[in-house]
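Student: I have this model open and want a quick walk through it. Can we start with the terms and then go residue by residue?

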Amino acid sequence: MQDVIVVGAGPAGSTAAEYTAKAGLSTMIIEKDYLPRDKTCAGGISSQALKHLDHNVPVNLVKRKCFGARVRYGNQVLESRSDELIASMVSRKEFDNYLTTKAVNSGTKLLQNTRVKSLNIKSNHVEIHTTAGVFKAKDVIGADGVNSVCARYVRPQLKPDETAFSLASDIPLSKEYIDKNYPDIVEFHFDKIKKGYGWVFPKDGYVSVGIGGIDAAKSSNSLKSYYEFINNLGFDYIKPSGHFLPIGGVKRKTYNNRVLLTGDAAGFVDAFLGEGINYALISGRLAAETVVDACYKNDFSKAMLSEYQDKCNCEFGDDLKYSYIVSKVFYRHPDIFAKMLVNNEKMLYRFIHLVTGNSGYSSFIKWLLPRIPYYTAKNFISL
């Protein structure tokens with residue numbers, strides 16, 4: 001029997017496994033695919049997320065460093081740059097494999113190409129029923145994404161309005177073209193999809209392009225919208241991959257007897273930008289710390305594991321809550337707020353610091369609220 005079994009080898013799961021293994025707990029990761037595996041993601045690791053790694057990401061994993069952002073709304077465009085790094089562009093296929101390898105090198109066992117079918121929570125352990133047989137652990141950390149099997153034993157299934165949807169693909173382009181048009185900058189389009197946005201993230205020899213939004217999953221025209229977005233950019237069409245993600249900021253239970261949820265499985269995603277790697281790394285570490293403490297006390301009860309949710313709320317709960325508020329307000333009135341964003345460099349600069357993760361949504365809202373009447377009137381007069 002393992003001390004802990006982690007379900008899912010994404011950033012949250014691998015981070016949790018590395019911490020528990022280093023703490024001396026017998027640890028296993030169960031991953032449904034073979035690594036390295038593809039992952040639908042823009043692949044931008046914010047500077048704040050990088051700070052939560054206890055090591056520097058190898059140079060060969062970083063495809064490009066970005067120090068600015070360009071936003072578009074209709075025919076309007078504005079860009080701003082920062083002296084500090086906004087994000088490092090990576091391939092999620094390579095980045096996730098790197099984190100998992102670190103966990104394995106710390107003593108974690110890795111079981112690949114194995115799906116978890118169900119859990120059976122008993123008084124002194126958990127049975128994990130998989131396509132490769134039954135495994136036992138004192139505790140389970142669910143890091144198995146938005147459609148988490150582990151989450152079934154913690155909270156109700158996510159409602160349709162608690163998820164968003166994205167379509168994305170990697171499009172090959174010459175280095176010369178990328179250096180000229182997206183040298184060290186990420187691009188956001190706030191007029192191509194209802195209650196969402198489109199993006200272009202430059203890499204080395206290709207760009208990651210996608211659209212995502214709150215209503216995208218409900219729309220039968222998502223693929224059409226994606227094709228139009230690609231066409232307007234002048235890129236060749238490559239069939240995209242689709243991916244659901246939870247909308248952050250919604251209160252959800254993340255623990256039960258002998259089970260904790262991390263990352264997307266817990267719903268820890270920025271509701272406005274859809275960024276989740278930062279919260280995955282933090283929640284993976286906090287889940288590991290909680291399980292280590294539970295093993296030391298031999299107490300895996302809900303009361304004991306509830307400390308994990310308290311820690312998460314303390315570290316980033318307000319940020320998720322306010323990202324949800326910003327999302328609701330911004331996407332309800334994009335004609336007001338997107339126009340404000342492309343017409344005011346100070347607001348764009350604040351937006352850039354949201355992307356980096358170095359500035360929270362609470363401070364962004366406090367800065368924005370007293371300025372809304374002025375910017376609204378200014379935009380109205382300019383019409």
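Tutor: Terms it is. Helices (H or I, at least four residues) and strands (E, at least two) are DSSP runs, numbered from the N terminus. This is a predicted model: local features need pLDDT of at least 70, side-chain atom pairs count only at pLDDT 80 or more, and totals for chains, interfaces and linings use all residues. Residues are numbered from 1 along each chain as its sequence is written, and side-chain values use heavy atoms, with hydrogens and water left out.

Student: Okay. Where does Glu31 lie?

Tutor: Glu31 is in the loop between E2 and E3.

Student: Is Glu31 buried or exposed?

Tutor: Glu31 counts as buried, because its relative accessibility is 4%. Buried means under 20% relative accessible area, exposed over 50%, and partly exposed in between (1.4 Å probe, protein chains only).

Student: And what does Glu31 touch?

Tutor: Leaving out residues up to four places away in sequence, Glu31 touches Gly8, Ala9, Arg37, Leu111, Gln112, Asn113 and Thr114. Contact means heavy atoms within 4.5 Å. Take Leu111: it is 80 residues from Glu31 along the chain, yet their C-alpha atoms are separated by 6.2 Å.

Student: Which peptide bond involving Pro36 is cis?

Tutor: The one joining Leu35 and Pro36, with omega about -5°. Pro36 sits in the loop between strand E2 (27-30) and strand E3 (44-46). For background, most peptide bonds are trans, and most residues other than glycine have a negative phi.

Student: What about phi at Asn113?

Tutor: Asn113 is not a glycine, but its phi is positive, near 50°. Its place is the loop between strand E8 (109-111) and strand E9 (116-121). Asn113 is partly exposed, with a relative accessible area of 41%. Arg258 also has a positive phi, about 65°, although it is not a glycine.

Student: Where is Arg258, and is Arg258 buried or exposed?

Tutor: Arg258 is in the loop between strand E17 (255-256) and strand E18 (259-261). Arg258 is buried, at a relative accessible area of 9%.

Student: Which residues does Ser80 touch?

Tutor: Not counting residues up to four places away in sequence, Ser80 touches Gly68, Ala69, Glu345, Leu348, Tyr349 and Ile352. Ser80 belongs to strand E6 (residues 76-81). It is buried, with a relative accessible area of 5%.

Student: Helices next. How do H10 and H11 cross?

Tutor: The axes of helix H10 (residues 345-356) and helix H11 (residues 361-368) come within 10 Å and cross at roughly 170°. That makes H10 roughly antiparallel to H11. Angles under 35 degrees count as roughly parallel, over 145 as roughly antiparallel, 65 to 115 as roughly perpendicular and the rest as oblique. Axes are lines fitted to C-alpha atoms, for helices over the stretch in contact, and angles run from 0 to 180 degrees between N-to-C directions.

Student: Which residues meet there?

Tutor: Lys346, Met347, Arg350, Phe351 and Leu354 in H10 meet Tyr361, Ser363, Phe364, Trp367 and Leu368 in H11.

Student: Last one. Which residues in the largest nonpolar core touch the most other members?

Tutor: Leu119, Ile128 and Phe268, out of 48 residues in that core. Helix H7 (residues 277-297) gives the largest share, 9 residues. A nonpolar core is a set of buried Ala, Val, Leu, Ile, Met, Phe, Trp, Tyr and Cys residues joined through side-chain atoms within 4.5 Å. Another core, of 43 residues, lies apart from the largest one and includes Leu78, Ala168, Leu245 and Met340.
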